[in-house]
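Please keep the sequence and the structure in view while reading.

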Amino acid sequence: MTQTPLEISSSRNFLEWLNLQQISLAFTTYQTNRLFLMGIKPDGKLSTFERLFTRAMGLAATTDRLYVATRYQIWQFDNNLRQGEIYKHYDKVYVPRVGNTTGDLDIHDLAVDRDGNLVFVNTLYNCLATLSDTHSFKSIWQPKFISKLAAEDRCHLNGLAMRDGKVGYVSVVSQSDMTDGWRDNRRDGGCLIDVSSDEVVCNGLSMPHSPRYYQGKLWVLNSGRGEFGYVDPASGKFEAITFCPGYPRGLTFYDNYAVLGISKPRDKTFTGLDLDGLLTEKKINPRCGLLVINLQTGDIVHWVWFDGIITELYDIQVLPNVRCGMSLGFKTDEIAQMITFETTERQTIIEDNTRDAAQQHLAITKQLKQAGNIEGAITNLRQAITLKPDFAAAYNNLGTILQTQEQFTEAKQCYEKGLELNPNIAQAHSNLATIWQLEGNIEQAKRGLTQALQLNPHYTPALTNLAGIYQQEGNFEEAKKLLNQAIKQDPQNLAAQLKIVTILSEEGYLNRALAILNSLLKQHPENAEIYLKIAQIHEFRGEQDLAATAYEKVMALEPDNEIYGAFDSSNRLKLTDWSDYDQNLVKLDKLVKEALEKGKTSPIPPYILNSYPIDNALHLAVAKAQAASFQISIKDVKKECNFVHQKRTNPKINLGFISADFRTHVVGNLVQDLFSYFDRDKFTIYGYYSLNIEDENTERIRGGCDCWQNFYQVSAQDAATKIYQDEIDILIDLGGYTVYSRPDILALQPAPIQIQFLGYPNTMGADFVQYIIADKWLIPENLSEYYTEEILYLSQSYFSAPLKTSDTKFSKADFGFSEDTFVFCCFNRHDKIEPEAFAAWMTILEQVPNGILWLGDGVENVKQNLWQAAETYNIDQSRLVFAEKIDWSEYLARYQVTDLFLDTFIYNAGSTGIAALWSGVPVLTRAGKSNAGRIGASLCAAVGLEELICQTTEDYIQQAIDLAHNPQKLASLRQQLNTDKEQKPLFNLPRFVKELETVLQQLID
């Protein structure tokens, strides 16, 4: 009888996928007694090499070895080629070296355990077995429902899954203890059994095959229904992710892909299974072939079909780093003619032949990198390593390129392999250390960089990177010492010079930082990063006009840099430059989301994002990413600290407050008297200050504390250790993710309870901050889902701050206003002003002809932008007046000449709103959708002016107009504000502290 010839077809990109993954495949078919090796020929075409072995079934593979189960033997095949050797066009030649005679046991799956021992499924005897030197097999396990070892195939034990190098799970078609009894339960009697516990972990399966444990999941083929999927560990249920157009059997994995075999169902064996009906229902003709499945989606991304003689497959294995393999068999003369022998000269000859070619690939790689052909460079280096597997320089170069492409896992593997071959490569130690640093393995990174410097004390990247770690730890002096050493070695080392600028900026030495940057500009006049740092320093100092000039240069040099563009947009918001406002919002949203999708932090700091109308879900995601970055960066330090919080024995609560704003700052102004009101019979107050600027506010705040510690330039570890040694019961953070704040200290959890309060109007998204203090106006319950913190609700106000006003008496005439002028004011930061609020203000001025809008002073650019914007609404620019900056107490007194405070929308008034209300000026606000947009509502409610909390912009506009035209109503509101002012929740600090004490005491109890 003439056999039908074998025809092989594949999906269009299957060969490209094999090439990209640098793998080939081995698979068996007992139906035609064959072992196949499938790879790619040198000409790029498919190579399908086959050899005949009677009833070839189970298949196992290690780096240079294959095991194949045949009818009565298990054959061990060993690769005969050294790394880099080629025989004909094959890079692996598998030679049958050892044959273990077992007899006909109907052996199905094979596996190699972590000790190198072969384990196989002895289906005939219903057990797992290993090889025996003197017998057919040695039984090592059998299901507990099997009563004896007998050659009766009672349950059709067929599949084996290894876990952590040990036998993990098996598959059986039925829990039958009768001869051939499994055939009666094929439809739904199958199950998976945990070998270690003898317990069934999943049942109700139909002819299950090929269980495999991979990436933390137990996968299996539910063959009787044509399904590939995994077992849900919680429910024990099988979850199918892919339907296969045939009977699936044989499964392996590589990267994020599964590769499995499918067969055409045989009439007798498959009668009564659901598969036939499902194929008919889906109008699919059964196929025989291989499927490549994406584990994330369950999609079949590649396939190979076999038509002709082969209709069934059994097992499959991936052969990593094998391009095109072959094996010897017993049916050809090749097994007699291929003879090799070991000599030291043979290895030397091969190395001589491959060294030049490998070096040539390395040289070509440099050219490809310079031309920007990164993929070509990567391919070229892989080829160099194939030619010369001990080529340490190629591994290091490949790691460097992969690292720039953010393929950190493989880059790390390359560095480690390169160092295994040559441990004296300083560059590899340094590069590997940077990846450890990204992973949060700081101490390991330090050791790697130190090793690099021991090998090459002049290696400036290692000096710079080690300085970066010291900088991150707050050890600025050691960081500057290393950076100056790097600059001495290489005066043109721009990276080191810019790091010094960053440290000086963090220390507050902005003039020195600017001087260095201006000097660097003379050497690098077209460097965008230098201009960026100049812009950011000016922006931080409130010199938005000078920052704008520098940003213009940045964007001229790198117009397509979206991150630089976002910083420029942030500065323009401070300048009230709203050109392209909506387009910039779209770009910002996209930029932030793309960064988060890549597992990075937002390129725009979270505190800046509070000024933009982005949704709360994105705020939460940004905060979580920020928190995760701190947790990663201090991972090693946290292990070293190992803080264990003991049960309290002190009758008094040790209450700590940490902030960088215990100075003349909005937070410092508000908390300057707070700490002195705590009951010293119940609380001991600790102040932890993280900046080196001291003034009258600092002294006042320090006077309200029982203990005081300055953490300026103190490492997170040392600061956290001090807090831990102080036995702080509750630590309250007043900074969140603002400038100079210290979340790195909080991330070490030095106190058992950590709370954020006042200084940051959003969630921190951090496990290490358990609570946030608020009221139900600030964070209503329907917004609590956007907070990782548990919300500690205070009954009337989330804060209280009585203020001290100058005795100076001002009149409207003192500021050039006539007595009949209605003075609307808003002294909020300019970046809080945005187009919607401004449009509302212009509508109000249009309806109040005698009204003017008094704003905080700003640079000339701000004034010009707002005047021009007003004119677009036909409002004369003279009606927008800018107040000069004056002393805080005088600033408070100045409010007496204003009539109504108009709040901003996205980011409300904080200290400015409190100042207005304390001065008897009603605040009109619109309740927003975020914490920052609801501060005004909280303040108004805390003084009993809920009627001034608007829900819509239209209501806001109408109320402002009505109040301007109704002096009696406005006077009533002012009288209401000034009556018993000190007793109102917003200004009754003793009552506020007493309620806060109660809440904190409840946490401790």
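## Helices and strands in a predicted model

Helix 7, formed by residues 392–404, has 13 residues and reaches 19 Å from its first C-alpha to its last, close to the 18 Å expected at 1.5 Å a residue. The structure discussed here is a predicted model. Among the buried residues of helix 7 are Ala 392, Tyr 395, Leu 398, Ile 401 and Gln 403. Just after helix 7, Glu 406 adopts a positive phi of about 65°.

| Helix | Residues | Number of residues | Reach, first to last C-alpha | Expected reach |
|---|---|---|---|---|
| Helix 7 | 392–404 | 13 residues | 19 Å | 18 Å |
| Helix 20 | 616–633 | 18 residues | 26 Å | 26 Å |

The buried residues of helix 20 include Asn 616, Leu 618, His 619, Val 622, Gln 626 and Phe 630.

Two packed helices are described by the angle between their axes and the distance between the axes. The axes of helix 9 (residues 426–438) and helix 10 (residues 442–455) come within 8 Å and cross at roughly 165°. Angles over 145 degrees count as roughly antiparallel, and helix 9 and helix 10 are therefore roughly antiparallel to each other. Their crossing is left-handed. On the side of helix 9, the contact involves residues including Ala 426, His 429, Ala 433 and Trp 436, while helix 10 contributes, among others, Ile 442, Ala 445, Gly 448 and Leu 455.

The strands are considered next.

Strand 15 pairs with strand 14 (residues 166–172) in the antiparallel sense over 4 bridges. Strand 15 also runs antiparallel to strand 16 (residues 199–205), to which 5 bridges join it. Cys 191 takes part in both pairings: this residue is the bridge partner of Val 172 and stands opposite Asn 203 in strand 16. Strand 15 and strand 16 form a hairpin with 4 residues between them. In the turn, Asp 198 has a positive phi of about 65°.

Note on methods
Residues numbered from 1 in each chain as written. Predicted model: local features only at pLDDT ≥ 70, side-chain atom pairs only at ≥ 80, totals over all residues. Heavy atoms only, no water. Pairing = 2+ DSSP bridges. Helix = DSSP H or I, 4+ residues; strand = E, 2+ residues; numbered from the N terminus. Expected span 1.5 Å × (residues − 1). Buried < 20%, exposed > 50% of the residue type's maximum accessible area, 1.4 Å probe, protein only. Axes fitted to C-alpha atoms, helices over the stretch in contact; angles between N-to-C directions. Parallel < 35°, antiparallel > 145°, perpendicular 65-115°, else oblique. Left-handed = near helix turned anticlockwise from the far one by under 90°. Contact = heavy atoms within 4.5 Å.
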